[in-house]
Amino acid sequence: MLIFRVQDIQSVLSKNLDWFHKPIHAAAHILHPLWRSNKQYANEELQEGLQEYFEKWADGDVQVLRRLEDELLLFRNESLSFSRPTAKLRECQLQPVSWWEKYGFSAPTLVSNSVIRYAFQ
């Protein structure tokens, strides 16, 4: 009887752990300004999850997908509005959505399509 209870508990825990392996969680991790690092870009699971998330938002529109990917590169490389000294300083002071609204004007597709707001709900 105890063995069955342990298996039940393991099953519940396993389902809860899998919950964090959804595309939206990959997007939230990669797009969080404070967590931006080369390690996350080398993580295959995160990259696949983010790509899946972008494909959902693009809804088959290759031009939208291209813009999302281009804007991600700006964020990743800390280019344009993301290169401002205050953007780096404030990444640990502001909530992610507020940070994106303030410093994400170089990435209008990411910001305007609610991609950011949805990822950080």
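## Confidence of the model

The protein has a mean pLDDT of 85, and 85% of its residues reach 70 or more. Among its elements, helix H5 has the highest mean pLDDT, 96, while helix H1 (residues 2-19) has the lowest, 61. Where pLDDT is low, the predicted coordinates should not be read in detail.

## Helix H5

Helix H5 covers residues 62-76. Its 15 residues, at 1.5 Å a residue, should span 21 Å, and the C-alpha atoms at its ends are 21 Å apart, which agrees. The buried residues of H5 are Val64, Leu65, Leu68, Glu71, Leu72 and Phe75. Viewed down the helix axis, these buried residues fall within an arc of 130 degrees, so they line one face of H5. The cover over the buried residues of H5 includes helix H2 (23-31), helix H3 (38-42), helix H4 (44-58), helix H7 (96-103), helix H8 (108-112) and helix H9 (115-119).

Both ends of H5 have a local feature to note. Just after H5, glutamate 78 has a positive phi of about 55 degrees.

## The nonpolar core

The largest nonpolar core contains 29 residues. Within this core, the residues with the most contacts are Leu31, Phe54, Phe75, Trp99, Trp100, Leu110 and Phe120. Two or more core residues come from each of H2, H4, H5, H7 and H9.

Apart from neighbours within four places in sequence, leucine 110 is in contact with Phe54, Leu68, Glu71, Leu72, Trp100, Val115 and Ile116.

In H2, the buried residues are Ala26, Ala27, Ala28, Ile30 and Leu31. They pack against H3, H4, H5, H7 and H9. Alanine 28 has a relative accessible area of 14%, and because the cut-off for buried is under 20%, alanine 28 counts as buried. Not counting residues up to four places away in sequence, alanine 28 touches Trp35, Ala119 and Phe120. Alanine 28 and proline 96 are 68 residues apart in sequence, yet their C-alpha atoms are 9.1 Å apart in space.

Histidine 32 is in the loop between H2 and H3. Histidine 32 is also buried, with a relative accessible area of 12%. Beyond its neighbours within four places in sequence, histidine 32 is in contact with Phe75, Pro96 and Phe120. Of these, Phe75 and Phe120 are listed with the residues that have the most contacts inside the largest nonpolar core.

## A buried glutamate

Glutamate 91 is in the loop between helix H6 (85-90) and H7. The relative accessibility of glutamate 91 is 8%, and it counts as buried. Its side chain makes a polar contact of 3.0 Å with the side chain of arginine 36. A further polar contact, of 3.3 Å, joins the side chain of glutamate 91 to that of lysine 88.

Leaving out residues up to four places away in sequence, glutamate 91 touches Pro33, Leu34, Arg36 and Trp99. Trp99 is one of the residues with the most contacts in the largest nonpolar core.

Methods: Residues numbered from 1 in each chain as written. Predicted model: local features only at pLDDT ≥ 70, side-chain atom pairs only at ≥ 80, totals over all residues. Heavy atoms only, no water. Helix = DSSP H or I, 4+ residues; strand = E, 2+ residues; numbered from the N terminus. Expected span 1.5 Å × (residues − 1). Buried < 20%, exposed > 50% of the residue type's maximum accessible area, 1.4 Å probe, protein only. Arc of directions from axis to C-beta. Contact = heavy atoms within 4.5 Å. Core = buried A, V, L, I, M, F, W, Y, C linked by side-chain atoms within 4.5 Å. pLDDT = per-residue confidence, 0-100. Polar contact = N/O pair within 3.5 Å; in protein donor to acceptor, adjacent residues only side chain to side chain.
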